[in-house]
Amino acid sequence: MLRRIAASTSTTLRVNGQDLLSFAGTNLLGLGHHPEVLAAAQECLSRCGLSAAASRSTSGNFAEHENLEEALAEFLGLEAALILPSGWLANEAVMQAYGDELDTVLVDADAHTSLWTSTTLTRAQVIDCGASDLTRTHALLDRHGEQHLALLTDGLFPMQRRIAPLAEFLRLLPRKGILLVDDSHGLGFLGQGGRGSLSGAGVSDPRAVMTGSMAKALGAGGGFIASSTGTIERIRRRADAFVGTTPIPPAVAAGARAALQILEREPERVRRLRAHAARLTAIGKRMIQDDAEGRSPVLALPVSDQKAGRALEQKLAAHGLYIPWTEYGGGPGALRVAVSSEHTTRDLERLEEALLQHYQP
Ligand SMILES: Cc1ncc(COP(=O)(O)O)c(C=O)c1O
């Protein structure tokens, strides 16, 4: 059963008529409610209407789309960027552009479903290379390294609280290999000023292709790909997910660009998010002993039974908190707790008090 949301702020959701302090979703930096973001979107909405109403190769290419791509590339320190209607399609677009010539695709065991699904778009042999398992990946690369090969991974696995070893992956990757990093969760949290997991790993390499959802740290919607100019050009030409789709509404692109400007101007948001993530780790350690290591703004508290999960949700709602039980995101069912830079210290205290009272591993 899907929950029904009637309204939201950067830290609250109106769920079933009740305004609750939210620890749900991936509203990492509260940018989707920032007045400058809303003003940029509203100005564009009045000027351009609600929809781009056509693919970009016909009459749907607005200045806002191109401006956002330039801003993304510049912020990420990569040569070029391309926006797609969703983060999911961004991963598929990369595979549509490269799948034909690949012989082997290695995929991290915990990679997001959209990365796994993208592998259905290639005839290459698809191999699970374990969960950031360098020994296994090394052995597989020894065996398949002469072939055209791509390695697919998330940059940050939020529920597993794991950061992919991107520097090591690039060190092992053959010269002509591709490292596709879905950084939907790393952007805004890892790397210099929230520039993501490639920045966090201190690597800059033309073999790396970064994708992500703009619905998370940027508080907007849609997806992006960022890489070398050559790679982006190839995807622009070859990927049906780009050529044959209507882009995100120009107003959303305008809002995402404003969000990016705030992210660049206010790195303290990222610092606050990291501090809150550290507090969440400490809370996790109290709840589930040493199982909550790692760096992530998300904590999965295991509750495998749906009935128990929903009952716990209700108890927390009685405390004014919204923390959803979910089976999504890999692994068995869990209470998914996510912090935002916009939570206050008091919000985190309320979280801890309520969990201590009601959660049992
Ligand atoms: C790691 C990851 N990749 C891709 C997606 C899909 O992005 P979008 O919702 O923009 O399609 C998600 C979830 O939203 C995600 O968590």
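In the predicted model, helix α1 (residues 35–48) and helix α10 (residues 250–265) have axes that come within 8 Å and cross at roughly 155 degrees. Angles over 145 degrees count as roughly antiparallel, so α1 is roughly antiparallel to α10. The crossing of these two helices is right-handed. On the α1 side, the contact comprises Glu36, Val37, Ala40, Ala41, Cys44, Leu45 and Cys48; these meet Pro250, Ala251, Ala254, Gly255, Ala258, Ala259, Ile262 and Arg265 of α10. By residue class, the contact of α1 with α10 contains 12 nonpolar, 1 polar and 2 charged residues.

The crossing of α11 with α13 is right-handed. His276, Arg279, Leu280, Ile283, Arg286 and Met287 of α11 are in contact with Thr345, Leu348, Glu349, Leu351, Glu352, Leu355 and Leu356 of α13. The residues of this contact divide into 7 nonpolar, 2 polar and 4 charged.

An open sheet is formed by 3 strands in the order β13-β16-β15, with antiparallel pairing. Strands β13 (298–302) and β15 (325–326) stand at the edges with a single partner strand each, so one side of each has no neighbour in the sheet. β13 is joined to β16 (residues 334–338) by 5 bridges, the two strands running antiparallel. Ala300 has Arg336 in β16 as its bridge partner.

How values were computed:
Residues numbered from 1 in each chain as written. Predicted model: local features only at pLDDT ≥ 70, side-chain atom pairs only at ≥ 80, totals over all residues. Heavy atoms only, no water. Pairing = 2+ DSSP bridges. Helix = DSSP H or I, 4+ residues; strand = E, 2+ residues; numbered from the N terminus. Axes fitted to C-alpha atoms, helices over the stretch in contact; angles between N-to-C directions. Parallel < 35°, antiparallel > 145°, perpendicular 65-115°, else oblique. Left-handed = near helix turned anticlockwise from the far one by under 90°. Contact = heavy atoms within 4.5 Å. Nonpolar A, V, L, I, M, F, W, Y, C, P; charged D, E, K, R; others polar.
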